[in-house]
Amino acid sequence: YISVTGVQTCALPIFVSAATAACGGGSGSGAPESASKDDFCSAQQSLFTSLDIGDGTELPSEKDLADAMHTWADKIEEVGTPENISDDARKGFEETVKAAHDVSEADLKSPDLDSLEADMSDEAKKQVEAFSSYVNDTCGSMFGDLETPEVPEAG
């Protein structure tokens with residue numbers, strides 16, 4: 001888990017796609033469908049490497065995180081997906097690109113990020129889960145060797 005001002009988020013693709021429900025958005029549908037595995041995985045993990053979150057490192061502000069997600073969306077859209085991605089996972093990729101483009105500082109300040117996912121259709125949730133699984137199966141954890149900070153107990 002990564003805590004952004006005390007709010008826990010578990011899987012980035014699900015979070016950013018949940019933000020889509022509240023924001024509308026652009027499209028990742030024009031992204032290439034011929035990325036190499038290495039380029040795809042490097043692009044997927046670039047959000048976390050660009051934020052440089054590590055042991056004892058202060059978490060980025062909501063603005064910095066939103067800006068990093070916009071840059072990440074541009075990168076993953078430019079790289080695209082490998083040919084072997086399933087249709088559902090590809091649609092989940094497109095949802096993720098849209099959401100990452102549209103996420104705002106205000107979205108990240110929301111005390112209840114889980115409520116954003118409530119507006120997603122069951123089909124969209126399944127597609128985003130398929131994409132998340134594809135990324136994990138293809139690239140390993142999106143967090144790479146990153147040690148995620150411990151989340152304090154809500155009290």
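Which residues of H3 are buried? In this predicted model, they are Glu62, Leu65, Ala66, Ala68, Met69, Trp72, Ala73 and Ile76. Looking down the axis of H3, you will find these buried residues within an arc of 160°, so they line one face of the helix. The face turned away from that buried side carries the exposed residues Thr71 and Glu78.

The length of H3 is a friendly check to run yourself. With 18 residues at 1.5 Å a residue, H3 should span 26 Å, and its end C-alpha atoms are 25 Å apart, which agrees. After H3 comes Gly80, which has a positive phi, near 80°.

Phe40 deserves a look of its own. Setting aside neighbours within four places in sequence, Phe40 is in contact with Ala35, Val79, Gly80, Thr81, Pro82, Phe131, Tyr134, Val135, Thr138 and Cys139. Gly80, in that list of contacts, is the residue with positive phi that follows H3.

**The aromatic rings**

What do ring pairs link into a cluster? The members are Phe40, Phe93, Phe131 and Tyr134. The count of aromatic pairs comes to 3. A pair of aromatic rings is described by the distance of the centres and the angle of the planes. Two of the pairs are set out here.

| Ring pair | Distance of centres | Angle of planes | Arrangement |
|---|---|---|---|
| Phe40 and Phe131 | 6.4 Å | 80° | edge-to-face |
| Phe93 and Phe131 | 5.7 Å | 65° | edge-to-face |

Both rows rest on the angle: planes over 60 degrees apart count as edge-to-face, so the 80° between Phe40 and Phe131 gives that arrangement, and so does the 65° between Phe93 and Phe131.

Each pair links distant parts of the chain. Phe93 in helix H4 and Phe131 in helix H7 are 38 residues apart, while Phe40 in helix H2 and Phe131 in helix H7 are 91 residues apart. Phe40 and Phe131 are buried, and Phe93 is buried as well.

Technical notes. Residues numbered from 1 in each chain as written. Predicted model: local features only at pLDDT ≥ 70, side-chain atom pairs only at ≥ 80, totals over all residues. Heavy atoms only, no water. Contact = heavy atoms within 4.5 Å. Helix = DSSP H or I, 4+ residues; strand = E, 2+ residues; numbered from the N terminus. Expected span 1.5 Å × (residues − 1). Buried < 20%, exposed > 50% of the residue type's maximum accessible area, 1.4 Å probe, protein only. Arc of directions from axis to C-beta. Phe/Tyr/Trp six-rings, centres within 6.5 Å; stacked < 30°, edge-to-face > 60°.
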